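Please look over the structure below before reading the numbered points.

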Amino acid sequence: MPDIAFRTALACEPITPSFALKSPVLTVGSCFADTIGQRLLAHKFEGLSNPFGVIFNPLSVHKLLSQAIAPQPELWSAPRFVQQDGLWLHYDWHSEHYAANKDTLIQQLQQTLHTVAEVLQKAQWIVYTFGTAWVYRLRTDHTLVANCHKSPAANFEKQLLSVAEIVADFAKLHTLVAQHNPRLHWLLTVSPVRHLKDTLPLNSVSKSVLRLACHELSQNLAQVHYFPAYELLLDDLRDYRFYAQDMLHPSEQAQEYIWQQFAQAAFNPETQAAVRQWSKIRQALQHRPLRPESVAHQQFLQNIYKQVEAFGRTNDVDVAAELNLLSKQL
């Protein structure tokens, strides 16, 4: 890890209001939304982690969030669906959302939108990661797609969004969401993952557009903030030992470093203490003993059971799954 003096020089600005265990969080967008969302849920925060799947371009994210609040029938029109290998997919959603027939897929997607709407109504934060400013449009009607689903490239035209387009589209969504939940805050981030298919020069152009858009939005709209996940990986860590084997995604060590920076900026001291406590409990829960039936291990399990029970009671969070797992081993 970088030395502490270097890290202090790049410390993140405090995020207010702070994230709390009982204040639901919704994460949407590109890869960081998955990473931070899964870590929040693993540390007993309430909410949803990237329910639409990874969506790279901001306009597609805006469309789905708007659809969750104010449904529009055109989302379910025939041109939005595509068949692939006997399965049905939707151009506005990630390929993790699929079904054997169209009606089943529509039911699944509508249920997801309903769940997102419920979380949006009570959430305190949306963590939203911008992935790319490059978008693809169907040549037939020029509508934007979130995922091409391996359809022939000739079916699409590629376009670079402008800062103004992103800002204007987000501003409309911001107004709609504020009417739905005026307490909600936005935390914008830019994915540090390079899109090599766009080439390195054009990837840089794309990231520049996204970063400028985030800056303008966080400066000019109420309750919109920015967290520098992009800068932490590229400018703070800035070494290939902090990348995964593909040399594009952050390594586990880099993800942990960014999480620690996020926790320091976004959590108040009480929440930080709870997260540290639960991290130790999670580590204990993952312990695999050599002799599970031994007296020593059974005493260890009983001690962890008490810790989990006390954590749930003190922080008013659901620990039923962990207690059930421990009960089966006792």
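1. At 46% relative accessibility, Arg 139 counts as partly exposed, a term for values between buried (under 20% relative accessible area) and exposed (over 50%), with a 1.4 Å probe and protein chains only. Glu 157 is also partly exposed, at 25%. The two side chains meet in a salt bridge, N to O 4.0 Å; the term asks for a side-chain nitrogen of Lys or Arg within 4 Å of a carboxyl oxygen of Asp or Glu.

2. This is a predicted model, in which local features need pLDDT of at least 70 and side-chain atom pairs count only at pLDDT 80 or more, while totals for chains, interfaces and linings use all residues. Residues are numbered from 1 along each chain as its sequence is written, and side-chain values use heavy atoms, with hydrogens and water left out.

3. By the salt-bridge rule the count comes to 10. One of them joins Glu 252 to Arg 39, with the closest N and O atoms 2.8 Å apart. This pair links distant parts of the chain, 213 residues apart: Glu 252 is in helix α8 and Arg 39 in helix α2. (Helices are DSSP runs of H or I, at least four residues; strands are runs of E, at least two; both are numbered from the N terminus.) Glu 252 is exposed at 53%, whereas Arg 39 is buried at 12%.

4. Asp 198 is buried, with a relative accessible area of 3%. Its side chain makes a polar contact with the side chain of Lys 158 at 2.7 Å. (A polar contact is a pair of N or O atoms within 3.5 Å; within protein, one must be able to donate a hydrogen and the other to accept it, and residues adjacent in sequence count only if both atoms are side-chain atoms.)
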